[in-house]
Amino acid sequence: MIKIEQIPFQSTWTIRLEVMYPDQNLDFVKLENDAEGIHFGLFYKDKLTGIVSLFQEENIYQFRKLAILDNVQKMGFGSKIMKHVIEFCKDKNATKLWCNARVNAKDFYKRLGFHETETTFFKDGYDFVIMELDF
């Protein structure tokens, strides 16, 4: 019923737009280094329902644009795809996984073992804090 697998970067764009920036256009959610990333999709009942993008710099990984469709929020899919990413990074001998978390989502990341850093910023109408998970 639930399957997580690597997907082409172009497959992430529609969900990014719908969930994260519905008032923008498709070009707004495209990352200039999308082609260099590793992208995961969570499929629920064979439908792409959640996505996250992962980028590597040596042994440090950053994930970006975690998004789960609104109609399946609160079903644990965000945790499932993030646990998949964490295990993927461990398997790759990562030393750290980090993200720019929206401040209103930081408790979600804390439950997954991330800690809050002192670095905060405001972008695109949202407050962010850098969250890190050390391996």
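How many positive and negative side chains does the protein chain have, and how far apart do the centres of the two sets lie? The protein chain has 18 positive and 20 negative side chains, with the centres of the two sets 6 Å apart; Lys and Arg count as positive and Asp and Glu as negative, while His and the chain ends are not counted, and each charge is placed at NZ of Lys, CZ of Arg, CG of Asp or CD of Glu.

This is a predicted model, in which local features need pLDDT of at least 70 and side-chain atom pairs count only at pLDDT 80 or more, whereas totals for chains, interfaces and linings use all residues. Residues are numbered from 1 along each chain as its sequence is written, and side-chain values use heavy atoms, with hydrogens and water left out.

**View 1. The chain as a whole, with three helices and seven strands.** From the N terminus on, the elements follow the order β-α-β-β-β-α-β-α-β-β, where helices (H or I, at least four residues) and strands (E, at least two) are DSSP runs. The radius of gyration, taken over C-alpha atoms, is 14 Å, close to the 14 Å that the globule rule (2.2 Å times the number of residues to the power 0.38) gives for 135 residues, so the protein chain is as compact as a globular protein of that length. Along the principal axes, the C-alpha atoms fill a box of roughly 35 × 35 × 30 Å. Buried residues (under 20% relative accessible area, with exposed meaning over 50% and partly exposed in between, for a 1.4 Å probe and protein chains only) make up 44% of the 135 residues.

**View 2. The salt bridge between Glu5 and Lys3.** The closest N and O atoms of this pair are 3.7 Å apart, and the rule for a salt bridge (a side-chain nitrogen of Lys or Arg within 4 Å of a carboxyl oxygen of Asp or Glu) gives a count of seven. Glu5 is partly exposed, at a relative accessible area of 33%, and Lys3 is also partly exposed, at 41%.

**View 3. The salt bridge between Lys30 and Asp27.** The side chains meet at 3.1 Å, N to O. Lys30 is partly exposed, with a relative accessible area of 33%, whereas Asp27 counts as exposed at 55%.

**View 4. Lys110 and Glu116, paired in a salt bridge.** Here the closest N and O atoms are 3.1 Å apart, with Lys110 partly exposed at 39% relative accessibility and Glu116 partly exposed at 32%. Through salt bridges that share partners, Lys106, Lys110 and Glu116 are joined into one network.
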